[in-house]
Amino acid sequence: MNNRHDRLPLPSTQQLLVEGGDARITLAPGHALNKYGCAPQPDPGLMGFGSATASTISETGFDAANELRSRLLRAADTQPPATLYASELNRLRQELIRLCGATDLPGLDIVFAASGTDLHLIAAQLISSGASASTLALMLNPEETGSGVPTALAGRHFSAHTALGDSVSAGTTITGTGAIQVVAVPIRQTDGIPRPATAVDAEIEALVTSAIGQGRRVLLILTDVSKTGLIAPSVACMSALQRRWPDKLDILVDACQFRLAPATLRAYLAHGFMVALTGSKFLTGPTFSGALLIPSAAAQRLRSRPLPRALQAYSAAADWPDGWDGAGILDRGASNFGLLLRWEAALAELRAFRAIPETAVKRFLLSFAEAVQHRLSSDPCFELIPVPLIDRRPLIEATSWDHIPTIFPFLLHRPASAAHSGPLNRDETALVYRRLQDKLSDHPDLNRNDALAALRYQLGQPVAFGQRNGVPVSALRLCASARLVVEATAGGQDNGAVVIERALAALDKAAMLVRRLPV
């Protein structure tokens, strides 16, 4: 559906929540779920631990989105849709800055976009605009970031449908985009074990040095954190490169997981790094809500740069702050009310999370991590994948909650007593992932009286994780989220034990499914 709304009324809240994105957000034909297994309305029976991928919208988030839609309809008698859209986005900008603890950073600008992939497209076009030589974009391997990110960085269409409803040919070059070379640096070995941080940093430094020596500009992407909880390249490496080439190097922090405390986010912005956030991962807002935070110094340099006119398919003029001359070519009548409602829902989650004292957040996350890691380490059905310590020095010391791991990747194994022991292959892992979300009490292979089988859990989607004994394997991920923190600590009540027990039960069901797989 084209999102250049000429008039209201708007579609239903459920319909809007699946509009204004690409093919990933649409509901699968004949199903009520999108590609990520999420519905556009609350599903109280589904227990969510998959925030590294996506989450089904909560009652709180849905109510916030629904109320905003009602307010838009009431205001439609006196204001045109494009004016309403721009006004509401400006309100969200200011609230997001406040909730991020960044009100002390004057000149901070925010560009809204449908997804993290769209944000990478926009950032790369800003950086490469007007460059005399091709820009080099350096990123981590897409298994740890996003499958469409390399395509977006290269200035190509990454889906058959754009955020504003245009049909395009996926993989083809977006008209008018600059020449951008994309290089993905692997951070894991073929068996899934992380490469030494020093090796990753050395490869990044060599690529940056070579490109700048050729007179090229570099867009370097620091991922904080990846799909499996890693930070790479190291913050120390990025800081050193920035000091060495302040006028040749732009740094984008891919923090689309939004697993950042305000102090960390401010530190990145204060050092001149752009930061990409989404409301749909740690915050558990509905899928497809992106925001590119651009600090004052970068904004002053970039706001007059022209954008390719073809970005009209991805971005409306109101998605950009006032004063960005380069956005003048974008359609001022275009709007993406789905994006607006999704951010409204995400900010409702962030508002509740920010109300929790830091000490309570840290206490729960430490208990959650200890319990989940112990469970994954003590059952032969699981192989806990170690995650290196989260280290953001020298920018900031590990004092906030965001140095505590909140993504726990693991492989599934048949027990040694099985006829064919060892890690499950990717198809088998995907089957367990799907069955975790199903009510299986009536499944012929399971005990009809097994209460665990009837419970429904959502984990993070399987992520390709190299090979074991020549067999390609995938990792599942159990995640803590802002929503779970609020549930565990809100109102002064300590419900953390209840939330942790539910997480461990999700692993119990996974182990049960592994043991009953055919051999």
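## Exercises on a predicted chain

Valine 463 stands opposite alanine 475 in strand β14. The model is predicted: local features need pLDDT of at least 70 and side-chain atom pairs count only at pLDDT 80 or more, while totals for chains, interfaces and linings use all residues. Residues are numbered from 1 along each chain as its sequence is written, and side-chain values use heavy atoms, with hydrogens and water left out.

**Exercise 1. Find the strands that pair with β14, and state how enclosed β14 is.**

Step 1. Strands are DSSP runs (E, at least two residues), as helices are (H or I, at least four), and both are numbered from the N terminus. Two strands pair if DSSP finds at least two bridges between them.

Step 2. Strand β13 (residues 456-468) runs antiparallel to β14, with five bridges. In the hairpin of these strands, two residues lie between them, and asparagine 469 has a positive phi near 55°.

Step 3. Strand β11 (residues 407-414) is also antiparallel to β14, through four bridges. Here isoleucine 407 is opposite cysteine 479.

Step 4. Buried means under 20% relative accessible area, exposed over 50%, and partly exposed in between (1.4 Å probe, protein chains only). Seven of the nine residues of β14 (residues 471-479) are buried, so the strand is largely enclosed by the rest of the structure.

**Exercise 2. Describe how helices α11 and α14 pack.**

Step 1. Two packed helices are described by the angle between their axes and the distance between the axes. Axes are lines fitted to C-alpha atoms, for helices over the stretch in contact, and angles run from 0 to 180 degrees between N-to-C directions.

Step 2. For α11 (residues 358-377) and α14 (residues 482-489) the angle is about 105° and the axes are 10 Å apart. The two helices are therefore roughly perpendicular. The classes are: under 35 degrees roughly parallel, over 145 roughly antiparallel, 65 to 115 roughly perpendicular, the rest oblique.

Step 3. Contact means heavy atoms within 4.5 Å. From α11, Ala360, Val361, Phe364 and Leu365 take part, and from α14, Leu484, Val485, Ala488 and Thr489.

Step 4. By class the contact has seven nonpolar, one polar and no charged residues. Ala, Val, Leu, Ile, Met, Phe, Trp, Tyr, Cys and Pro count as nonpolar, Asp, Glu, Lys and Arg as charged, and the others, Gly among them, as polar.

**Exercise 3. Which residues of α7 are buried, and what covers them?**

Step 1. In α7 (residues 235-244) the buried residues are Val235, Cys237, Met238, Ser239, Leu241 and Gln242.

Step 2. Their cover includes helices α6 (197-213) and α8 (262-270), and strands β5 (218-224), β6 (231-232) and β7 (249-254).

Step 3. Alanine 232 lies in β6. Alanine 232 is buried at 7% relative accessible area. Not counting residues up to four places away in sequence, alanine 232 touches Leu140, Ile187, Ile221, Leu222 and Thr223.

**Exercise 4. How many helices and strands does the chain have, and what share of its residues is buried?**

Step 1. There are 15 helices and 14 strands.

Step 2. Of the 519 residues, 59% count as buried.
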